[in-house]
Amino acid sequence: MTECTRRHAVVTGCASGIGRAIALRLAADGFHVFAGVRRPADGTDLADDAPGTSMLTPVILDVTDSGQISSAVQTVRGHVARRGLDALVDNAGIGISWPMELIPLAELRRQLEVNVVGQVAVAQGFLPLIREAAGRIIMLGSIGDRLTIPFGGPLNASKYAVRALTDALRLELAPWDIRVILIEPASIRTPAVDKLAADADRAVAAFPPPGRDLYAATYLGVVRRAVAHERNGSDPSIVAATIAGALSARRPRRRYLVGQDAHVLAMLSLLPGPLLDAVRRRIFGLPRPGARVVDRNPG
């Protein structure tokens with residue numbers, strides 16, 4: 001087989017949204033992209049949409065499945081041989097929104113397993129190939145690693161963890177000239193927005209009756225506001241363009257804010273705690289502190 005002279009990239013979570021945009025952009029920029037998907041049909045659709053002269057190879061890759069990670073690593077190594085891997089874009093993730101008092105612990109574990117443990121598992125699997133090429137690792141975080149929103153605790157916790165992992169990897173891998181870069185998108189318009197609305201309805205249906213009385217109205221109100229904002233967000237192509245720039249820059253930044261309102265929200269996160277809480281209550285229509293306290297000493 002003739003040696004492939006292209007640069008090589010692995011991108012996880014490519015079925016839709018940001019991951020799909022990243023895979024197509026890097027393929028258009030001349031990378032041979034190994035695009036991780038969980039279903040063969042998604043890989044076929046993605047390959048059909050790739051630029052005519054590009055090389056885009058779908059690979060079945062669930063980031064929580066160690067066997068699939070190992071298989072994907074072997075597939076990539078079989079192609080790149082000793083040239084190594086130029087880029088790993090750790091994009092795969094899910095978003096779970098529940099009141100922290102009510103979230104089933106299995107759901108919380110799933111959030112962390114996909115967004116945190118899965119990111120580490122993929123990085124561990126591909127790092128020998130990254131080291132051979134002195135390649136770069138791109139971690140997909142969120143503006144939510146700076147600014148927690150009500151009922152977004154599970155997702156925000158995972159993104160704070162990704163930020164910490166990125167810092168640790170960047171420091172630990174620097175001796176091999178491996179750059180580790182965090183992308184922090186804010187409002188991005190993807191199919192996940194509609195899924196958030198549907199998931200919220202299912203969550204309320206699963207709330208225990210006392211919990212429904214406590215949280216349902218406020219929770220659904222917050223979700224409605226968040227969904228409306230996200231539907232007016234930036235196109236995923238802006239994230240893909242930022243990543244393409246980070247991979248080509250001689251001296252990439254450690255972190256990139258991207259998407260509608262990203263810089264505004266980053267500045268908002270610097271407000272003093274009490275003021276920041278007041279702003280969040282106003283933005284999301286939360287009840288004021290003490291509004292639902294029961295009078296324990298009537299009369």
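Arg20 is in contact (heavy atoms within 4.5 Å) with Gly13, Cys14, Ala15, Asp45, Leu46 and Asp49, residues up to four places away in sequence being left out of the count. The residue belongs to helix H1, residues 17-28; helices are DSSP runs of H or I with at least four residues and strands are runs of E with at least two, numbered from the N terminus. Because its relative accessibility is 18%, Arg20 counts as buried, a class defined by a relative accessible area under 20%, with exposed meaning over 50% and partly exposed in between (1.4 Å probe, protein chains only). The model is predicted: local features need pLDDT of at least 70, side-chain atom pairs count only at pLDDT 80 or more, and totals for chains, interfaces and linings use all residues. Residues are numbered from 1 along each chain as its sequence is written, and side-chain values use heavy atoms, with hydrogens and water left out.

Ile69, Ala72, Val73, Val76, His79 and Val80 are the buried residues in H3. They cover an arc of only 130 degrees around the axis, which puts them on the same side of H3; the arc is taken from the directions from the helix axis to the C-beta atoms. Packing partners of these buried residues are strands E1 (7-11), E2 (31-37) and E3 (55-60) and helix H4 (105-133). Gln74 and Gly78, on the other side of H3, are exposed.

In helix H10 (residues 273-284), Leu276, Arg280 and Phe284 are buried. Viewed down the axis of H10, its buried residues fall within an arc of 55 degrees and therefore line one face of the helix. An α-helix has 3.6 residues a turn, so residues three or four places apart point the same way. The buried residues of H10 pack against helix H7 (209-231) and helix H9 (262-268), whereas Pro274 and Arg282 are exposed on the other side of H10. Just after H10, Gly285 adopts a positive phi of about 70 degrees.
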